[in-house]
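Here is a short briefing on one protein model. Look through the sequence and the structure, then read the points below.

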Amino acid sequence: GNCGEPAWSPDGSKVAGICGVTANWIFDSANGDMMIADVGPDGFSTSNITTIVPKAGGLGRPAYPSFAPGSEWIAYGRPTQGSRSTANGKLWLVKTDGTENKELSIASSDDRSFNPVFAPLRAGGYFWLVFISRRDYGNRLVGANRQQLWITAITDPPTAADPSHPPFYMRGQEDCGKSENAYYALDPCKQIGESCESGVDCCNGQCVQDPGTGMLVCGEPPPPGECVQDGNACEETADCCNPRSICLDGFCQPPPPR
């Protein structure tokens with residue numbers, strides 16, 4: 001009961017949110033536990049509802065969960081004033097079973113960081129989070145206390161006690177105003193026959209070589225029983241042709257260098 005700030009896992013199997021809210025407006029509630037549930041095949045029913053991050057035991061309450069692209073981790077904030085970005089706040093990371101709950105101290109070292117959102121794909125051996133912060137920026141925003149967008153890398157896999165890295169400012173913002181709640185999105189997918197660079201570009205996840213032109217175009221998936229080339233959609237690592245590759249975020253690719 002009394003749940004809000006929902007987030008759906010990229011694989012469609014789970015939903016997370018903040019439940020036990022005790023204010024009319026959820027962002028004013030000082031109470032709330034982060035809970036997770038399995039989503040049924042109908043897309044509406046839920047089961048196995050579990051608290052993975054209780055409000056107790058931490059400064060502030062959990063707020064605004066965001067699933068990693070592989071659906072195995074959740075980033076969230078712990079603001080000290082409901083879920084508003086007007087007081088203090090830290091960024092955290094937790095597995096979807098509630099284990100390995102760890103503070104992202106390097107990323108949120110200013111104690112004024114909120115609302116983390118994962119990029120839809122990992123890259124270069126890292127997850128990427130965009131979040132809002134009221135920290136200073138160079139000599140343009142000193143003492144302004146004005147929230148802007150920042151990005152941090154999270155080492156993949158995030159096995160360290162703090163897998164985050166020093167964040168960088170997202171250039172191009174209007175530093176005279178506030179920025180809030182950014183969301184990543186992939187480019188619109190392409191249909192069969194359109195040019196592509198990898199399966200990520202294509203609606204069906206398959207970027208293949210056109211035998212007539214030698215160019216890469218969105219094409220049909222391989223016949224049943226045939227393996228999947230690097231860059232194309234997969235369900236498990238055994239699908240990949242390259243013995244060095246793994247099925248990562250739904251696509252065959254070699255383990256990325258850092």
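Pro 157 is found in the loop between β11 and β12 (168-169). Strands here are DSSP runs of E, at least two residues long, numbered from the N terminus. This is a predicted model: local features need pLDDT of at least 70, side-chain atom pairs count only at pLDDT 80 or more, and totals for chains, interfaces and linings use all residues. Residues are numbered from 1 along each chain as its sequence is written, and side-chain values use heavy atoms, with hydrogens and water left out.

**Backbone features**

- A cis peptide bond links Asp 156 to Pro 157, with omega at about 0°.
- Asn 48 is not a glycine, yet its phi is positive, at about 55°.
- Asn 48 sits in strand β4 (residues 46-53).
- Asn 48 counts as exposed because its relative accessibility is 54%. (Buried means under 20% relative accessible area, exposed over 50%, and partly exposed in between, with a 1.4 Å probe and protein chains only.)
- Glu 100 also is not a glycine and has a positive phi, of about 50°.
- Glu 100 lies in the loop between β7 and β8 (102-103).
- Glu 100 has a relative accessible area of 40%, so Glu 100 is partly exposed.

**Nonpolar cores**

- A nonpolar core is a set of buried Ala, Val, Leu, Ile, Met, Phe, Trp, Tyr and Cys residues joined through side-chain atoms within 4.5 Å.
- The largest nonpolar core has 15 residues; those touching the most other members are Leu 93, Leu 104, Phe 118, Phe 127, Leu 129 and Ile 154.
- At least two residues of this core come from each of β6 (73-79), β7 (89-95), β10 (126-133) and β11 (148-155).
- The most come from β10, which gives 3 residues.
- A second, separate core has 12 residues, among them Ala 7, Ile 36, Val 53 and Tyr 76.
- In soluble globular proteins, nonpolar side chains tend to be buried together.

**Contacts of Leu 104**

- Contact means heavy atoms within 4.5 Å.
- Not counting residues up to four places away in sequence, Leu 104 touches Leu 91, Trp 92, Leu 93, Leu 129, Ile 154, Asp 162, Pro 163 and Ser 164.

**Around Cys 227**

- Cys 227 is placed in the loop between β14 (216-218) and β15 (246-248).
- Cys 227 counts as partly exposed because its relative accessibility is 38%.
- Its contacts, leaving aside neighbours within four places in sequence, are Pro 222, Asp 239, Cys 240 and Cys 241.
- Cys 227 and Ala 238 are 11 residues apart along the chain, and their C-alpha atoms are separated by 8.1 Å.

Notes:
Helices (H or I, at least four residues) and strands (E, at least two) are DSSP runs, numbered from the N terminus.
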